[in-house]
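User: I have a structure open and a few things to ask about it. Can we go through it piece by piece?

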Amino acid sequence: MDFFLQLLVNGVCVGLLYGISAMGFVMIFKSSSVLNFAHGELLALGAFFFLALITWAKLPIIVAFILTLVGCFILGFLIEKFFLRPLIGEKLIFVIMLTVGLAAMFKGFILLIWGGNLHTYPSFLSESLSLNLGAIHIAPVYTATMVISIIFLVIFGLFFKKSSQGIYMRSVADNQKAALSLGVHVRRVFALSWAIAALVASMSGIVLGVMNGVNVHDLSSIGLKVFPVVILGGLDSIGGAIIGGIIIGLLETFTGGYLSPSLRDVVPYIVLVFILLIKPYGLFGLVEIERV
Amino acid sequence: MKAYRGRPSIMINKPADLKKAELEIKNLHLSFGGVTAIKNVDLKVHTGELMALIGPNGAGKTSLLNCITGFYRPQSGQIVFNGRDITDLHTHRLVEVGIGRTFQNIELFPGMTVLANMTLARHIHCHYNFISSWLYAANVKKEEIRHRQILEEIIDFLEMQSIRKQTVGSLPYGMMKRVELGRALALEPRLLILDEPFAGMNLEEKEDMVRFLLELNQRWGMTMILVEHDMSIVMNIAQRIMVLNFGEKIGEGDAQEISMNPEVIKAYLGESETIE
């Protein structure tokens, strides 16, 4: 039972992280229906920026964290401005291929500068963050993940519900033409969705880096893991992305704990197939009903 | 049974300079690749006019509307609104200038309520800032109340009281058209552009819509451009009619003149050929 609870807690923590990084992916898909194949690379870029800031520039952790987030936010804006915007109005497949190209470019950039080895952050989380609930021991990094994820969820929840930019983003996601006719600056919404996606990706990149070490290949493969998460949750539901993330996180840790660690990357996909057989639009996806 | 009609006060009693809408299109040219959609069209619309744009299918009517509302960019020519060149203005800025529109195929937010759909249109009239809205300061409250008053006035005017809180996706087609009109009105436009407001409606819905449009034009003093296929409606309500065919203007004038215009008759009925 203790083992079960331990896995449950770890699974939820990892899952929240997947969910949040998937949220960035969903945001881009919802506003501009682009599948962003460079999501994993954005994640890795965030982790490596953070690494550079704390090891080379020797900045304090908090400053480095905030600088990384701000930097990635700006990077997202620039990606949209220089790569995506010229392709507005082109076929969607071109835009998607462009993100594949971006992925290769970012990965090459990271390999060029940091190489393909495993790097680690100097440990900075204090032991006081670790929690002991009965027999369950929660490592500091998991506590931190939980706290950061919940803070981000609350902020984004408020952002989408209450702020005018958030409402514009929802309106563009819902109906671009209508939003445009009501005077919503649609291009700014695209830029903002890329910026926010890059920001949340870098955040999850940093946390995953603290958890498992910083390695280009591992981190960019998380980008692939975003797919089962968003497909499970429904490609266009931000809440669904979070739930999907938690489900995938739990599946992974339970498979790793009870079956075999080598199966943990496979089982989520198998379960995904079965869920999609029953609910083809994902758990929370928009069911398209043709009204005749 | 007709629903209760409120007495619109805010929207009707707007000062005349807020209603000013002088649109002038000069020598407009639009083509997509090799296909010319609009060929050197000139058009003038004056404040308070109800102008109709007619023409056979594919004549470029909707393209012209899309140029005015910034959805298409013309290759050459000029669009001037109230003395300001708006040809290259961003689409979202045109709403602030005072041009509101509805679409031929309804473009609404289907998952939201009627009220929520209309509320989004008010964002350009929001003047409070982030901090004061967090604190819900007195001026924010006052502004919010005014927004709601305007929306309620429009809801009363369009007789949508009973569907105020219904999800738009569940409404019948004619009602959705009405919601879309209401949303365009919530922008408080000077010039209202309607793309086939009567398409797909039954007779009763059409009668209601005609009533709304006439009242908007005559009592509210709203300037409107209307694209429509239903000739009996157009001939009866439009003060001026412009006819397009294959992107060219083939006639302009009041209903009388248009119905006598040989070019127009030719475009609609085709040429007669003597069979020997």
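User: Where is G58(B) found?
Analyst: G58(B) sits in the loop between strand 3 and helix 2 (61-68) of chain B. Helices (H or I, at least four residues) and strands (E, at least two) are DSSP runs, numbered from the N terminus. This is a predicted model, in which local features need pLDDT of at least 70 and side-chain atom pairs count only at pLDDT 80 or more, while totals for chains, interfaces and linings use all residues. Residues are numbered from 1 along each chain as its sequence is written, and chains are lettered from A and ligands numbered from 1 in the order in which they are written.

User: How many other C-beta atoms are within 10 Å of G58(B)?
Analyst: There are 14, so G58(B) is partly exposed. A residue is buried with 20 or more other C-beta atoms within 10 Å of its own, exposed with 12 or fewer, and partly exposed in between, with C-beta atoms placed from the backbone.

User: And how far apart are G58(B) and F246(B) in space?
Analyst: Their C-alpha atoms are 6.9 Å apart, although 188 residues separate G58(B) and F246(B) in sequence.

User: What about strand 3 of chain B, buried or exposed?
Analyst: Five of the five residues of strand 3 (residues 50-54) of chain B are buried, so the strand is largely enclosed by the rest of the structure. L50(B), A52(B) and I54(B) point one way, and M51(B) and L53(B) the other. In a regular strand, side chains alternate between the two faces of the sheet.

User: Which strands does it pair with?
Analyst: Strand 3 of chain B runs parallel to strand 8 (residues 223-227) of chain B, joined by four bridges, and it also pairs in the parallel sense with strand 9 (residues 240-245) of chain B, again over four bridges. Pairing here requires at least two DSSP bridges between two strands. M51(B) is opposite I225(B) in strand 8 of chain B; in strand 9 of chain B, A52(B) has I241(B) as its bridge partner.

User: What is the strand order in the whole sheet?
Analyst: The order is 6-7-8-3-9-10 (chain B), an open sheet of six strands with mixed pairing. Strand 6 (99-101) and strand 10 (248-253) of chain B are at the edges with a single partner strand each, so one side of each has no neighbour in the sheet.

User: Changing topic, which residues have the most contacts inside the largest nonpolar core?
Analyst: They are A47(A), M51(B), L53(B) and L226(B), in a core of 151 residues. Such a core is a set of buried Ala, Val, Leu, Ile, Met, Phe, Trp, Tyr and Cys residues joined through C-beta atoms within 7 Å. Its largest share, 18 residues, comes from helix 8 (residues 186-212) of chain A.

User: What does L226(B) touch?
Analyst: Not counting residues up to four places away in sequence, L226(B) touches L50(B), M51(B), A52(B), L53(B), L194(B), P197(B) and A238(B). Contact means C-beta atoms, placed from the backbone, within 7 Å.

User: How many residues does the contact take from each chain?
Analyst: It takes 16 residues from chain B and 14 residues from chain A. On the chain B side, helix 3 (residues 91-97) of chain B gives the largest share, four residues.

Definitions and conventions
Contact = placed C-beta atoms within 7 Å.
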